[in-house]
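Subject: Structure handover

Hello,

Here is the structure for you to look over. My notes follow below it.

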Amino acid sequence: MSDSPAVRRPAVAVLTSGGDSQGMNATVRAVVRTTLSRGADAYTVYEGLQGLVDGGDRLRKADWDSVSGIMHLGGTVIGTARSADFRERSGRLRAARNLIERGIDRLVVVGGDGSLTGTDIFRSEWSGLLSELAATGQISAEQAEAHADLIIAGAVGSIDNDMVGTDKTIGADSAMHRIIEAVDALGSTAASHQRSFVVEVMGRHCGYLTVMCGIAGGADYILIPEVRPGPGWQEDLLARLAAGRAAGRRDNLVLVAEGVVDQAGQPISAQMVADVITERAGEDTRVTILGHVQRGGTPSAFDRWMPTLVGHAAANEVLDADSAYVSQLIGVHNNRIVRTPLMEAVAATKEVPALIDAGDYGAAMAARGPSFTGMVRVFEGIARPQPMFPSQGTTIGIIHAGGLAPGMNAAVRAAVRFGISRGHDIVGIRNGFPGLLADKVQPMTWEAVEGWAGLGGAELGTSRSTPTNDEEYIEVGAALERNSIDALLVVGGHRAYMAAHRLAGKQDLHPGLDIPAICLPATIDNNLPGWEMTVGADTALNEIVRDIDRIRQAASATRRAFIVETMGRKCGFLAFMSGLSVGAEEVYLNEDPPTLARLNVDVAEMVDGFRTGRKFHLAIRNEEASPGYTTEFLRQLFTEESDGLFSVRSMIVGHLQQGGSPTPFDRAHAAGLAAFCVDWLTGQVLAGRSDWHYASAGDGRKHTEPLTQVAEVYDMENRRPRDQWWMPLREVLSTLSWQPPADRSEEPVGGRASG
């Protein structure tokens, strides 16, 4: 029963514990397949920490196919449970024996702070547990020596997004989708009857979901745990709702986080808020408690690709660690993997409720991070009908240019309302630069953009026609001057940026151009400089993922290969990230175009896969991946080589990627960007400057860069940034797409020292 440390195969177990959340399955898949690709054994623990205690069939060895086809499923296919047994040392002793019997001494735990704390206690007791097991003859001394250290990495599975150490927890984005689906549906019925709705949102001690969905859903008022309402909150609520009605709203929406209490420590329930509105304002008010529907349903695109990156990193983390390793929380920051000492992250997370209880709301907000604090400020700026600042005597014009992007309307809505709150007059320019030249300029009021947050398309209209020479630049300047526009917000993609780039520095051609201007990135292609995600890209990605989910379902009863073509021009973001989100076998990009040699290998592996039992094969092709190896060429090639084993179909997603209601992320992202741009323009006007910049967040914080220097970071010919953040992730897709050769399973996994 003993195994030698020199030849033993490392083994990694993955478990999901605590409350379930969408995206856990993608994490499990990534951990298992990364482990197998490294030549180690992989185990899945069923029913969370209780499965460790029970052992037996709840600790199952996993193979490549055992985690196939699970990314699109909600919840966790390996189950989860809260374990009273694991809280006792006797339970942890049984868990240690069960792991040692299978040669497991590396764990990846996906759960909340309680589960992560419990497993870290398990790690700290490990040597003592093994000594007791060896002393009682339940394991051998050789086994105890071979598995002297328990290595743990954690990932946070929680819709609450309440963990320090990661920008977003696994499941939070999908929960926002569920909330906004409900809020959008409630909005239509509320407006029909001029009703008020109070919606209770999950989150325990964290108001993230409430704040972000308040912005994305167009709420009038929010109540969050981080800022306990003081005496008189009822009057503030009623005044806000009355102002909204006076400004033209037909309905009212209030979001209440489930953990809200007032400064006296008394809970504030959704029903209590509704009673205040009904009894004191005479409004017809309804309460909706969304409950566990927020934790259910299909995971969003983000909750597939982000957990995939986290699971891949976590498996590598525990396989590379040595005895000096300190347990780490694996999270993401700016879409990149980050590591935080596990117990430091847990301690910092638990500190926030303590700060709230102590009445230190400023510190509690600060502990959530500048992004959270900033979005609370954005909400206040766009939800109040009355200006928060005196008139600036400034007119800001808003113009679209280029193609449509979901979220453009959300950006305009936020810019209009935030601009009004800052004391500006706002005008909308219809149909892009041609509309400006034709003086199609109209005042934008607070109520004029009511309901725009969830609208697809662009209510202001857009045009691909942009100025290209000095004569046209002068005409633009004259139009800006005629319409008394003092600052300009340009919302759009490549064409918008190029138009602004050409106009930048041309103030000497006409005094009307001697104004500040800023570009807000809005394009599904995600191909603009300075941003990890442009407004619209998340919506397009979710549309593609939904279509592929349907394809997979339709093909489940047959043996079929599919080739899906996405948009993006010469930027492969949509193709690659959708491939990562759905587990595609191949992705063909313009950045790494297909070659005949590669296609030969791909076809051979595909045919071999179908011969050995595969039922579905998915290849995703960026629309301009190759001028010769088109989608139709690939379909014919795969068909010719299929040898009758499978059929081949192709699908071009097309302009569906530009349509539909924007995702919660794109709505909130657009609002945050719009508020930033308005603030920047305000600063420019007050300082008497007339710079032309584009918004950027290359270092993780919003700032601006001069448009005159855009060519330094932007490949204008190929319409994409010179440095694309997602390109290094191709190794992850490659690792998880194809099962490693059998002989690789015999290779040992080395360790590294942990700093």
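A crossing is called left-handed if the near helix is turned anticlockwise from the far one by less than a right angle, and right-handed if clockwise. Helices (H or I, at least four residues) and strands (E, at least two) are DSSP runs, numbered from the N terminus. By that convention, the crossing of α11 and α12 is left-handed.

Some ground rules. This is a predicted model, in which local features need pLDDT of at least 70, side-chain atom pairs count only at pLDDT 80 or more, and totals for chains, interfaces and linings use all residues. Residues are numbered from 1 along each chain as its sequence is written, and side-chain values use heavy atoms, with hydrogens and water left out.

The α11/α12 pair

Helix α11 covers residues 342–357 and helix α12 covers residues 361–368. Their axes are 8 Å apart and the packing angle is about 160 degrees. Axes are lines fitted to C-alpha atoms, for helices over the stretch in contact, and angles run from 0 to 180 degrees between N-to-C directions. The two helices are therefore roughly antiparallel (angles over 145 degrees; under 35 is roughly parallel, 65 to 115 roughly perpendicular, the rest oblique). From α11, Val 352, Leu 355 and Ile 356 meet Tyr 361, Ala 363, Ala 364, Ala 367 and Arg 368 of α12. Contact means heavy atoms within 4.5 Å. By class, the contact has 7 nonpolar residues, no polar and 1 charged. Ala, Val, Leu, Ile, Met, Phe, Trp, Tyr, Cys and Pro count as nonpolar, Asp, Glu, Lys and Arg as charged, and the others, Gly among them, as polar.

The parallel sheet and its helices

An open sheet of 4 strands has the order β18-β19-β17-β20, with parallel pairing. Two strands pair if DSSP finds at least two bridges between them. The edges are β18 (586–588) and β20 (647–652), each pairing on one side only. From one strand to the next, the twist averages 15 degrees. Strand β17 (residues 560–566) is joined to β20 by 6 bridges. Phe 562 has Arg 649 in β20 as its bridge partner.

Phe 576, Gly 579 and Leu 580 of α19 make the contact with Arg 730, Val 732 and Leu 733 of α23. The classes are 4 nonpolar, 1 polar and 1 charged.

Buried and exposed sites

Buried means under 20% relative accessible area, exposed over 50%, partly exposed in between (1.4 Å probe, protein chains only). Helix α7 (residues 208–216) has 9 of its 9 residues buried. Just after α7, Gly 218 has a positive phi of about 70 degrees.

Ser 115 sits in helix α4 (residues 113–135). Its relative accessible area is 9%, so Ser 115 is buried. Beyond its neighbours within four places in sequence, Ser 115 contacts Ser 17, Gly 18, Leu 49 and Val 109.

Glu 717 lies in the loop between β23 (714–715) and β24 (720–721). Its relative accessibility is 69%, so Glu 717 is exposed. Its C-alpha is 9.4 Å from that of Lys 570, 147 residues away along the chain.

Best wishes
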